[in-house]
Amino acid sequence: MSKKAIGILGGTFDPIHFGHLRLAEEMLELANLQQIRFIPTGTPPHRDSPQVSAQHRSAMVRLAIVDQPAFVLDDREVKRTTPCYTVDTLRELRAELGAAQPLCLLMGGDAFLQLHTWHEWERLFELAHIVVGYRPGFTLDDRIHTATPALRSHYQRRLCAADALSQQPAGGIAELAIPKLEISATLIRSRVAENRSIRYLLPNAVADYIHQHHLYEHANY
Ligand code: ATP
C-alpha cells in the first residue's frame, strides 16, 4: 500500500485568508493528501519583508486552521534567524519523514511559471512533487510557453495525474483546476489601514487577532 502524500504550503501568510484556506482544502481533497503543512516564511528570499512579525503570522495561521485536523502549522522557517530557501526546508522534511514518504509542494500557476528563479530549483524535483493549482478554464499548458526552456522541459517530462503522486516520493508535476478566490493579503492589509471591514475575507478569529494586536493599521501595503 502506498502512503498518502503530505502537502506543503509555504507563504508569507501576512495575514492568512480564505484564499489560502480554500486552496489548501481543494488540494487536500483533489490530490488525496493525508495532511497539509502550512509553513510561514521567515525572511523571504523572493519578496519584500512581511509587514508583521513571524510570531504574529504564525499565530494567525494557528487560529485559522484550528477546525481542520488535516491542516498543521509548521513554524520551522520562522524560527530560523538566517534567510531560508524552500529547498532547504524540503531537505529537512525529507530527512525527518524518510525517503519513501510522498511529499507535494503546493503552489499557484503564477508561482510555478517563476520556479526557475528559486534557489536550486531543479533540486526541488528530487525532494518533492509539485502540485500546481490553476484557474478552471486556463490550463497551465496554455501558458507554459512563457516558462524558460529548462522549466518547460521538466513540465513536459514530469506531468502526471494527481492520483499517481502517492506511488512515488517525489519528481512528478500535477495540475489541479482550483477556483481562485479574489482575496489577497495585500487587499486585507489595505482594508485594515483604511479602517474598512475585513469580515468574510478571512476567519473571524484571525480578524479579531488583527484588531486586538493593532496589526496593519499603519501598513504601507
Ligand atoms: P500578498 O497579497 O501579500 O502578495 P498572498 O495573499 O498572495 O500575499 P502568500 O502568502 O504570498 O499570500 O501566498 C501563499 C500561497 O497561496 C501562494 O502559493 C499563492 O499563490 C497562494 N494564494 C494566495 N492567495 C490565493 C487565493 N486567493 N487563491 C488561491 N491561492 C492563493
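Which residue has a backbone N or O atom 2.7 Å from a nitrogen atom of the ligand? That residue is Leu181. The pair is a polar contact, meaning N or O atoms within 3.5 Å of each other.

This is a predicted model, in which local features need pLDDT of at least 70, side-chain atom pairs count only at pLDDT 80 or more, and totals for chains, interfaces and linings use all residues. Residues are numbered from 1 along each chain as its sequence is written, and side-chain values use heavy atoms, with hydrogens and water left out.

Start with the sheet. It is open and has six strands, in the order β3-β2-β1-β4-β5-β6, with parallel pairing. Strands here are DSSP runs of E with at least two residues; helices are runs of H or I with at least four, and both are numbered from the N terminus. Two strands pair if DSSP finds at least two bridges between them. At the edges lie β3 (71–73) and β6 (173–177), each pairing on one side only. Neighbouring strands are turned by 30 degrees against each other on average, direction ignored. Angles run from 0 to 180 degrees between N-to-C directions, and axes are lines fitted to C-alpha atoms, for helices over the stretch in contact.

Look at one pair. β5 (129–134) meets β6 in the parallel sense over five bridges. Val132 has Glu175 in β6 as its bridge partner.

Helices pack on this sheet. α1 touches β1, β2 (35–40), β3, β4 (103–108), β5 and β6, and its direction makes about 150 degrees with that of β2. Contact here means heavy atoms within 4.5 Å. α4 (86–97) lies across β1, β2 and β4, and runs at about 150 degrees to β4.

Now follow the loop between β1 and α1. Phe13 sits there, with a positive phi near 50 degrees. Pro15 is in the loop between β1 and α1 too. A cis peptide bond joins Asp14 to Pro15, with omega about 5 degrees. Most residues other than glycine have a negative phi, and most peptide bonds are trans.

Return to the ligand. It is surrounded by 17 residues, and the closest are His17, Leu181, Ile183, Ala185 and Thr186. A residue counts as near if one of its heavy atoms lies within 4 Å. β1 (6–11), α1 (18–30) and α9 (185–193) each supply at least two residues of this shell. Polar side-chain atoms also reach ligand oxygen atoms: His20 at 2.9 Å, and Arg189 at 3.1 Å. The protein covers 81% of the 610 Å² of accessible area that the ligand has on its own, by the Shrake-Rupley method with a 1.4 Å probe.

Conventions:
A polar contact is a pair of N or O atoms within 3.5 Å; within protein, one must be able to donate a hydrogen and the other to accept it, and residues adjacent in sequence count only if both atoms are side-chain atoms.
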